[in-house]
Amino acid sequence: MTEPTATMSTDEAFGRALVARTDFTREAVWLPSLSVHHLNAGKTTIDGKTFTECVIEGPAVVAILAGVTLEGCNLGVATNPRSLLYKPMGEKLAGVIGLSNCRFVNCRFVQVGFTGTDEMLEQLETMLVSARSQSAGDQTS
Amino acid sequence: MADAPAPITRPLNVAKDLSVSDIRDVDFSLFDLFAAEMMLGRSLVQGKTITGCRIQGPAVMLASTGVTFDGVNFGDSGGDIRNLILKSEGTKAIGAIPFRDCAFVNCEFYGVGFTGDAAFLEQVRALQTTSLPES
């Protein structure tokens, strides 16, 4: 845990401790705040963290980069699951929160959109459609 | 060819009240503006005139109806304005911060992406690429 010092404010100590953490379990994670603290620490992506049974809150659009896994996650609610997905128009991305080497286990995403490569978007769409079909099946069974 | 917008050169001036309709010559994050609206029970940013402001991400702005940009620097595009644009694959734009009937005048965006309908995206794509002033 990073402690505040005479030259470090409580807010900065909190931010540094947040960036240093690698495991988040059963808590609400506010993505805009987590991202800003990473940017303040000179890190352009959120890397190497495990989120277990967390609520991941936006509003935010995340870029799914290398090494990200989503296990048993609810990616969000939309009549059309594709409304959660964004296709980049250029080779770079602006305004999004980059995630790399992160593991999400049984997490629920709220007000979060997703972007990435065409292959990643296809995978996410498949996940969203199958989760929706499963949910509809659960309700009718 | 249109001239590049004049850079904002005043010192940092962090916004203290983002609930007002006329926001002028202050600096704020897009999320803080949205949070101020949410505190008032609103689900989108509507009816604001934002002038001479530096606006920080990371965030994606959904420019809905009636959003105008005049003399605005959309941010460092890395040489290709398309790098600032995201296209929603569906009929809505989950995760983006929605704006309606807002005017941005002489503002600078930092780390903000933009999305909207096809006509808006085409307008942004047609813009001349500009660079932010060196900090």
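This is a predicted model: local features need pLDDT of at least 70, side-chain atom pairs count only at pLDDT 80 or more; totals for chains, interfaces and linings use all residues.

I started with a network of salt bridges that links A:Arg82, A:Glu125 and B:Glu89. My rule for a salt bridge: a side-chain nitrogen of Lys or Arg within 4 Å of a carboxyl oxygen of Asp or Glu.

Residues are numbered from 1 along each chain as its sequence is written, chains are lettered from A in the order written, and side-chain values use heavy atoms, leaving out hydrogens and water.

Next I checked B:Glu89 with A:Arg82, and their side chains form a salt bridge at 3.9 Å, N to O. B:Glu89 sits in the loop between strands S7 (86-88) and S8 (97-100) of chain B, and A:Arg82 in the loop between strands S6 (69-71) and S7 (85-88) of chain A, so this pair joins two chains. (Strands are DSSP runs of E, at least two residues; helices are runs of H or I, at least four; both are numbered from the N terminus.)

The cut-offs: buried is under 20%, exposed over 50%, partly exposed in between (1.4 Å probe, protein chains only).

Then I went looking inside chain B. B:Glu37 has a salt bridge to B:Arg42 (3.0 Å, N to O) and another to B:Lys48 (3.0 Å, N to O). The B:Glu37 and B:Lys48 pair links distant parts of the chain, helix H1 (residues 30-39) and the loop between strands S3 (45-46) and S4 (49-51), 11 residues apart. Both B:Glu37 and B:Lys48 are buried, while B:Arg42 is partly exposed at 40%.

Last, the interface. Chain A gives 32 residues to the contact and chain B gives 26, with contact meaning heavy atoms within 4.5 Å. The buried area is about 2,300 Å², 63% of it from carbon and sulfur atoms; that is the accessible area (1.4 Å probe) the two parts lose on being put together, summed over both. I noted that A:Pro59, A:Tyr86 and A:Met89 supply 29% of the area chain A buries against chain B, more than any other three residues. How many salt bridges cross this interface? I count 1.
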